[in-house]
Amino acid sequence: MIIGIITVIMIVIIGLIISDSSVEKNSEESEVVVKGDIIMPTKSSRPGCQEIDKCYIPSAIVIDSGNQVTWVNEDSAFHSVTSGFYDEPSELFDSGHLAPYESFTVNFDEKGTYDFFCTLHPWMKGQVIVE
Ligand SMILES: [Cu+2]
């Protein structure tokens, strides 16, 4: 009799634990706002990320013309995605300052190599190669 009651209680507790963890999992998935093609990871606001090629990840991306690229700032600092080079912006596109978890998307219709950088951190550089 007592063993029967304990067994029922155990089953209920295990059931609650399982349903709890599945709810948590679902809410975690819904927190992912935008999936970026290129991310700005944590610590990219400090010099040194260029030495390990982790200022923009990936720092170079190859796409077919007519497609778009989305950058997501996954750092806790502000960053930008600006066309050209730090000392020579090309004025093709400029995200302005992206707050943490903001994203920026550009359509690329013409073939070519598009350099970009961060106006706040001169060591952050990347390329979009449109084929
Ligand atoms: Cu930056």
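This report describes backbone geometry and confidence in a predicted model.

Residues are numbered from 1 along each chain as its sequence is written. Because the model is predicted, local features need pLDDT of at least 70 and side-chain atom pairs count only at pLDDT 80 or more, while totals for chains, interfaces and linings use all residues.

The mean pLDDT of the protein, where pLDDT is the predictor's confidence in each residue from 0 to 100, is 86, and 75% of the residues reach 70 or more. Over residues 22–28 pLDDT stays under 50, and the model has zero contacts beyond four places in sequence for these residues, a contact being two residues whose C-beta atoms, placed from the backbone, lie within 7 Å.

Most residues other than glycine have a negative phi, and most peptide bonds are trans. The peptide bond from Ile57 to Pro58 is cis, with omega near -10 degrees, and Pro58 belongs to the loop between strand S1 (38–40) and strand S2 (60–63); helices (H or I, at least four residues) and strands (E, at least two) are DSSP runs, numbered from the N terminus. Lys43 is also found in the loop between S1 and S2, whereas Tyr101 is found in the loop between strand S5 (88–94) and strand S6 (103–108).

| Residue | Phi |
|---|---|
| Lys43 | near 75 degrees |
| Tyr101 | near 70 degrees |

A residue is buried if 20 or more other C-beta atoms, placed from the backbone, lie within 10 Å of its own, exposed if 12 or fewer, and partly exposed in between. Lys43 counts as partly exposed because it has 14 C-beta neighbours inside 10 Å, and Tyr101 is partly exposed, with 15 other C-beta atoms within 10 Å.
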